[in-house]
Amino acid sequence: MALSLCFRNLNAGASERLENSHRELILFYAVIYGIAYLGDAYLLYYAGAQSEGIALRILSALPFLVLSFAVVYALNRKKGSRLILSSIGFRRSGILSSFLWANAFLLPLMLFLTAMMLVSGPEGLLANSGVPLPAPPIPLWYPLFASTAWIVGGLVAFPVLQAFPYESLTDLPKRYTIPLIAALWAGLYNASLLTGAFYPDDIIFFGILFTVAYDKSRNSIGLVAAYVLAEAPLWYVVAQTWGVAVFESAVLTRTLLSVAFVGILVAWRYRSRARPRE
């Protein structure tokens, strides 16, 4: 009787914690959507930032990054720093695994880009990836500076908008949580509800498949790294600064990397199935 009562109290406590977690997640999305769309509306209609350069892109993204992390901290303030970092996928374990899964999922995209480059030349890829650059000569360090813009964006897109919701919904089946997180992510990425910029490739690869990659690894750091290396505008900056030959080599290297990572995952899968059960 006493043991049954103890289990009942434990279940009630766990249920209450889950309900609190879900309520906090609803509050999280309400605040994040409000911050994102108020800020983007100001940038689009008042600050005239439609054709923003790299520096303005960084300056406009940094406040959202700081505010997003502040929201996560406020919702987890009663927890220790380690649990707060874990809630956004900042863990020592799983960095390589998340990078591997993310790049493996990017293989179809990389094969398409490589084929397009081989058929129409690198100019065809670069024509659709342009961003405003400073007047020539462009400093050799500029691609490193430009990568900051996508690192900042990636820190919001994956630790905050994917890992944190995932960790708040671990009690629900993944077949529901992953599509839900991806759908809510798509509403924030590129301010799509305001700009109409719903890009199917971004939603499929960065929204859905990167959430699956997080599910496999429980680490968001590798996702940010894979995202930065996959962003076409950054490689446009590389091509304009370090030369088209470097750009071509980078695309081929990224494609070979994705092929290798798919091979590793297939080998892991085969070894796990071939391992005899005890």
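Predicted model: local features only at pLDDT ≥ 70, side-chain atom pairs only at ≥ 80, totals over all residues.
**Note on helix packing and aromatic pairs**

1. The crossing of helices H2 and H7 is left-handed. Helix H2 covers residues 54-75 and helix H7 covers residues 142-168, and their axes come within 9 Å and cross at roughly 30°. Angles under 35 degrees count as roughly parallel, and H2 and H7 are therefore roughly parallel to each other.

2. On the H2 side the residues include Ile54, Ile58, Leu62, Leu65, Phe69 and Val72, and on the H7 side they include Tyr142, Phe145, Ala149, Val152, Val156 and Val160.

3. Turning to the aromatic rings, a search of the whole structure finds 18 aromatic pairs. One of them joins phenylalanine 158 and phenylalanine 206, whose rings lie 6.4 Å apart from centre to centre with 70° between the planes, an edge-to-face arrangement. Phenylalanine 158 belongs to helix H7 and phenylalanine 206 to helix H10 (residues 200-217), so this pair ties together parts that are 48 residues apart in sequence. Phenylalanine 158 counts as buried because its relative accessibility is 0%, and phenylalanine 206, with a relative accessible area of 3%, is buried as well.

4. Phenylalanine 158 also forms an edge-to-face pair with tyrosine 227, at 5.2 Å centre to centre and with 65° between the planes. This pair, too, links distant parts of the chain, since phenylalanine 158 is in helix H7 and tyrosine 227 is in helix H11 (residues 221-230), 69 residues apart. Tyrosine 227 is buried, with a relative accessible area of 5%.

5. Which residues form one aromatic cluster? The cluster consists of Phe158, Trp185, Tyr189, Phe206, Phe210 and Tyr227, and the reader may wish to locate phenylalanine 158 in helix H7 when viewing it.

6. A last point concerns helix H4, which spans residues 95-105. Eight of its 11 residues are buried, so H4 is largely enclosed by the rest of the structure. The buried residues in H4 are Ser98, Phe99, Leu100, Trp101, Ala102, Asn103, Ala104 and Phe105; for this reading, buried means under 20% relative accessible area.

Definitions and conventions: Residues numbered from 1 in each chain as written. Heavy atoms only, no water. Axes fitted to C-alpha atoms, helices over the stretch in contact; angles between N-to-C directions. Helix = DSSP H or I, 4+ residues; strand = E, 2+ residues; numbered from the N terminus. Parallel < 35°, antiparallel > 145°, perpendicular 65-115°, else oblique. Left-handed = near helix turned anticlockwise from the far one by under 90°. Contact = heavy atoms within 4.5 Å. Phe/Tyr/Trp six-rings, centres within 6.5 Å; stacked < 30°, edge-to-face > 60°. Buried < 20%, exposed > 50% of the residue type's maximum accessible area, 1.4 Å probe, protein only.
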